[in-house]
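Subject: Structure for you to look at

Hi,

Here is the structure I promised. Please open it next to this email and follow along.

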Amino acid sequence: MFNTADISQVMEINRSCLPEHYNQAFYNILYYRFPKTFVVASASDTVVGYIMCRIELGLSEMRRFNLIKKGHVVSLAVLPEYRGKRLGKGLASNALKGMLGYGAKESYLEVRVSNLAAVRLYEKLGFSVVKAKKNYYKDGEDAYVMARKIP
Ligand SMILES: CC(C)(COP(=O)(O)OP(=O)(O)OC[C@H]1O[C@@H](n2cnc3c(N)ncnc32)[C@H](O)[C@@H]1OP(=O)(O)O)[C@@H](O)C(=O)NCCC(=O)NCCS
(Lines give C-alpha, C1' and ligand atoms only; values in the text may rest on other atoms or scores of the structure.)
Protein backbone atom coordinates (compact mmCIF):
# COMPACT_ATOMS: atom_id res chain seq x y z
CA MET A 1 0.00 0.00 0.00
CA PHE A 2 1.29 3.44 -0.93
CA ASN A 3 2.03 5.98 1.76
CA THR A 4 3.27 9.54 1.49
CA ALA A 5 6.79 8.59 2.62
CA ASP A 6 7.08 6.78 -0.73
CA ILE A 7 6.84 10.05 -2.64
CA SER A 8 10.59 10.72 -2.41
CA GLN A 9 11.28 7.28 -3.92
CA VAL A 10 8.72 7.93 -6.65
CA MET A 11 10.44 11.24 -7.43
CA GLU A 12 13.80 9.48 -7.64
CA ILE A 13 12.42 6.90 -10.11
CA ASN A 14 10.89 9.68 -12.16
CA ARG A 15 14.22 11.55 -12.27
CA SER A 16 16.13 8.46 -13.39
CA CYS A 17 13.60 7.18 -15.97
CA LEU A 18 11.93 10.17 -17.62
CA PRO A 19 12.89 13.63 -18.87
CA GLU A 20 9.66 15.19 -17.53
CA HIS A 21 10.05 16.11 -13.85
CA TYR A 22 7.75 17.77 -11.32
CA ASN A 23 8.12 19.45 -7.95
CA GLN A 24 7.13 17.69 -4.75
CA ALA A 25 3.94 19.70 -4.35
CA PHE A 26 2.69 18.32 -7.66
CA TYR A 27 3.16 14.70 -6.47
CA ASN A 28 1.50 15.50 -3.14
CA ILE A 29 -1.50 17.10 -4.82
CA LEU A 30 -2.01 14.13 -7.15
CA TYR A 31 -1.74 11.75 -4.23
CA TYR A 32 -4.10 13.66 -1.92
CA ARG A 33 -6.67 14.37 -4.62
CA PHE A 34 -6.56 11.05 -6.46
CA PRO A 35 -5.08 8.36 -4.18
CA LYS A 36 -6.88 5.53 -6.02
CA THR A 37 -4.88 6.27 -9.17
CA PHE A 38 -1.51 6.84 -7.51
CA VAL A 39 -0.12 3.32 -7.37
CA VAL A 40 3.35 2.00 -6.63
CA ALA A 41 5.03 -1.37 -7.19
CA SER A 42 7.44 -2.46 -4.46
CA ALA A 43 10.14 -5.10 -4.04
CA SER A 44 11.57 -5.74 -0.56
CA ASP A 45 9.93 -2.57 0.81
CA THR A 46 11.50 -0.42 -1.91
CA VAL A 47 9.45 1.37 -4.54
CA VAL A 48 10.47 0.13 -8.02
CA GLY A 49 7.68 1.62 -10.15
CA TYR A 50 4.79 4.06 -9.99
CA ILE A 51 1.88 5.49 -11.90
CA MET A 52 0.12 8.76 -11.09
CA CYS A 53 -2.95 10.20 -12.71
CA ARG A 54 -5.55 12.90 -12.36
CA ILE A 55 -9.27 12.98 -13.03
CA GLU A 56 -10.38 15.76 -15.35
CA LEU A 57 -13.71 16.98 -16.65
CA GLY A 58 -13.43 17.61 -20.36
CA LEU A 59 -14.28 16.63 -23.87
CA SER A 60 -13.98 12.97 -24.78
CA GLU A 61 -10.80 12.12 -26.69
CA MET A 62 -12.81 9.50 -28.59
CA ARG A 63 -16.26 11.01 -29.23
CA ARG A 64 -16.38 14.69 -29.95
CA PHE A 65 -18.65 17.07 -28.05
CA ASN A 66 -19.12 14.62 -25.24
CA LEU A 67 -18.32 16.15 -21.82
CA ILE A 68 -17.08 13.42 -19.49
CA LYS A 69 -14.80 12.59 -16.57
CA LYS A 70 -11.46 11.39 -17.94
CA GLY A 71 -8.57 9.67 -16.17
CA HIS A 72 -5.34 11.28 -17.39
CA VAL A 73 -2.19 9.19 -16.93
CA VAL A 74 0.34 11.84 -15.92
CA SER A 75 3.40 9.65 -15.39
CA LEU A 76 4.38 5.97 -15.32
CA ALA A 77 7.81 4.41 -14.86
CA VAL A 78 9.45 1.18 -13.73
CA LEU A 79 13.14 0.98 -12.77
CA PRO A 80 15.17 -0.61 -15.62
CA GLU A 81 16.16 -3.73 -13.64
CA TYR A 82 12.48 -4.48 -12.91
CA ARG A 83 11.15 -4.04 -16.44
CA GLY A 84 9.68 -6.86 -18.52
CA LYS A 85 7.98 -8.41 -15.48
CA ARG A 86 4.53 -6.99 -16.22
CA LEU A 87 4.84 -4.41 -13.43
CA GLY A 88 4.05 -1.55 -15.81
CA LYS A 89 0.95 -3.36 -17.03
CA GLY A 90 -0.11 -4.11 -13.45
CA LEU A 91 0.36 -0.50 -12.37
CA ALA A 92 -1.68 0.81 -15.30
CA SER A 93 -4.43 -1.81 -14.77
CA ASN A 94 -4.73 -0.79 -11.14
CA ALA A 95 -4.86 2.89 -12.07
CA LEU A 96 -7.68 2.12 -14.55
CA LYS A 97 -9.63 0.46 -11.73
CA GLY A 98 -9.02 3.55 -9.59
CA MET A 99 -10.30 5.79 -12.40
CA LEU A 100 -13.48 3.72 -12.54
CA GLY A 101 -13.79 4.32 -8.78
CA TYR A 102 -13.87 8.08 -9.47
CA GLY A 103 -16.53 7.65 -12.17
CA ALA A 104 -14.22 8.26 -15.15
CA LYS A 105 -15.64 7.06 -18.47
CA GLU A 106 -12.39 7.22 -20.42
CA SER A 107 -8.66 7.20 -19.88
CA TYR A 108 -6.06 9.00 -21.96
CA LEU A 109 -2.39 9.90 -21.99
CA GLU A 110 0.39 11.43 -24.04
CA VAL A 111 3.37 9.31 -25.02
CA ARG A 112 6.48 10.09 -27.08
CA VAL A 113 6.10 8.75 -30.61
CA SER A 114 9.50 7.02 -30.21
CA ASN A 115 8.53 5.23 -26.96
CA LEU A 116 7.68 1.84 -28.40
CA ALA A 117 7.70 0.03 -25.03
CA ALA A 118 5.09 2.38 -23.58
CA VAL A 119 2.96 2.45 -26.75
CA ARG A 120 2.90 -1.40 -26.80
CA LEU A 121 2.06 -1.54 -23.11
CA TYR A 122 -0.89 0.82 -23.55
CA GLU A 123 -2.06 -1.07 -26.66
CA LYS A 124 -2.05 -4.28 -24.59
CA LEU A 125 -4.37 -2.50 -22.16
CA GLY A 126 -6.83 -1.52 -24.88
CA PHE A 127 -5.61 2.01 -25.64
CA SER A 128 -5.29 3.18 -29.22
CA VAL A 129 -3.78 6.26 -30.80
CA VAL A 130 -6.48 8.91 -31.32
CA LYS A 131 -4.31 11.80 -32.47
CA ALA A 132 -0.80 13.26 -32.44
CA LYS A 133 0.38 16.50 -30.82
CA LYS A 134 3.19 18.22 -32.72
CA ASN A 135 6.22 19.42 -30.67
CA TYR A 136 4.49 18.39 -27.47
CA TYR A 137 7.70 17.76 -25.53
CA LYS A 138 10.28 20.41 -24.60
CA ASP A 139 12.88 18.81 -26.88
CA GLY A 140 10.46 19.09 -29.81
CA GLU A 141 9.36 15.45 -30.04
CA ASP A 142 5.75 14.76 -31.01
CA ALA A 143 3.32 12.91 -28.75
CA TYR A 144 0.65 10.40 -29.52
CA VAL A 145 -2.54 10.80 -27.57
CA MET A 146 -3.82 7.34 -26.70
CA ALA A 147 -7.24 6.69 -25.20
CA ARG A 148 -9.62 3.92 -24.21
CA LYS A 149 -13.06 3.65 -22.69
CA ILE A 150 -13.54 2.58 -19.08
CA PRO A 151 -14.38 -0.14 -18.17
C1 LIG B 1 7.10 1.71 -20.34
C2 LIG B 1 7.45 0.96 -19.06
C3 LIG B 1 6.69 1.55 -17.89
C4 LIG B 1 7.02 -0.52 -19.24
O5 LIG B 1 7.18 -1.17 -17.98
P6 LIG B 1 7.38 -2.75 -17.87
O7 LIG B 1 7.11 -3.13 -16.46
O8 LIG B 1 8.69 -3.16 -18.43
O9 LIG B 1 6.23 -3.27 -18.83
P10 LIG B 1 5.51 -4.69 -18.74
O11 LIG B 1 6.49 -5.75 -18.37
O12 LIG B 1 4.31 -4.56 -17.88
O13 LIG B 1 5.06 -4.89 -20.25
C14 LIG B 1 3.70 -4.85 -20.66
C15 LIG B 1 3.65 -4.94 -22.16
O16 LIG B 1 4.32 -3.83 -22.73
C17 LIG B 1 5.04 -4.21 -23.89
N18 LIG B 1 6.45 -3.88 -23.70
C19 LIG B 1 7.08 -3.59 -22.54
N20 LIG B 1 8.37 -3.28 -22.78
C21 LIG B 1 8.55 -3.40 -24.11
C22 LIG B 1 9.65 -3.19 -24.97
N23 LIG B 1 10.87 -2.82 -24.48
N24 LIG B 1 9.48 -3.36 -26.31
C25 LIG B 1 8.27 -3.71 -26.80
N26 LIG B 1 7.18 -3.92 -26.04
C27 LIG B 1 7.32 -3.77 -24.72
C28 LIG B 1 4.86 -5.68 -24.06
O29 LIG B 1 3.88 -5.84 -25.05
C30 LIG B 1 4.34 -6.17 -22.73
O31 LIG B 1 3.36 -7.13 -22.89
P32 LIG B 1 3.70 -8.69 -22.70
O33 LIG B 1 4.40 -8.80 -21.38
O34 LIG B 1 2.35 -9.31 -22.71
O35 LIG B 1 4.57 -9.06 -23.84
C36 LIG B 1 8.98 0.97 -18.80
O37 LIG B 1 9.66 0.57 -19.98
C38 LIG B 1 9.51 2.33 -18.38
O39 LIG B 1 9.50 2.68 -17.19
N40 LIG B 1 10.01 3.11 -19.34
C41 LIG B 1 10.60 4.46 -19.04
C42 LIG B 1 9.53 5.43 -18.61
C43 LIG B 1 8.43 5.55 -19.66
O44 LIG B 1 8.69 5.54 -20.85
N45 LIG B 1 7.19 5.69 -19.18
C46 LIG B 1 6.03 5.84 -20.03
C47 LIG B 1 5.79 7.27 -20.34
S48 LIG B 1 4.25 7.48 -21.20
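This is a predicted model: local features need pLDDT of at least 70, side-chain atom pairs count only at pLDDT 80 or more; totals for chains, interfaces and linings use all residues.

**What I found**

Strands E5 and E6 (residues 143–149) run antiparallel and are joined by 5 bridges. E5 covers residues 128–133. Is E5 buried or in the open? Of its 6 residues, 0 are buried, so E5 lies largely in the open. The cut-off for buried is 20 or more other C-beta atoms within 10 Å.

**The sheet**

Now zoom out. E5 and E6 belong to an open sheet of 6 strands. The order is E1-E2-E3-E4-E6-E5, and the pairing is mixed. Strands of a sheet pair through backbone hydrogen bonds, either parallel or antiparallel. Which strands sit at the edges? They are E1 (39–43) and E5, and each pairs on one side only. On average, neighbouring strands are turned by 25 degrees against each other, direction ignored.

For a parallel pair, go to E3 and E4 (residues 106–112), where 4 bridges join the two strands. Find Val73 there: its bridge partner in E4 is Leu109.

**Helices across the sheet**

H1 (residues 7–17) lies across E1, E2 (46–59) and E3. H1 runs at about 85 degrees to E2. H4 lies across E4, E5 and E6. Its angle to E4 is about 165 degrees.

**Around the ligand**

How many residues surround the ligand? There are 20, and the closest are Arg83, Gly88, Lys89, Ala117 and Leu121. Strand E3 (67–78), helix H3 (87–101) and helix H4 (116–124) each give two or more residues to this shell. H4 gives the largest share, with 6 residues. By type, the shell divides into 11 nonpolar, 3 polar and 6 charged residues.

**One glycine to check**

Last stop: Gly126, in the loop between H4 and E5. Is Gly126 buried, exposed or partly exposed? It has 14 C-beta neighbours inside 10 Å, so Gly126 counts as partly exposed. A residue is exposed at 12 or fewer and buried at 20 or more. Gly126 is also 119 residues from Ile7 in sequence. In space, the two are 29 Å apart, C-alpha to C-alpha.

Send me your questions once you have had a look.

Best wishes

Note on methods: Residues are numbered from 1 along each chain as its sequence is written. A residue is near a molecule or strand if its C-beta atom, placed from the backbone, lies within 6 Å of it. Ala, Val, Leu, Ile, Met, Phe, Trp, Tyr, Cys and Pro count as nonpolar, Asp, Glu, Lys and Arg as charged, and the others, Gly among them, as polar. Two strands pair if DSSP finds at least two bridges between them. Axes are lines fitted to C-alpha atoms, for helices over the stretch in contact, and angles run from 0 to 180 degrees between N-to-C directions. Two residues are in contact if their C-beta atoms, placed from the backbone, lie within 7 Å.
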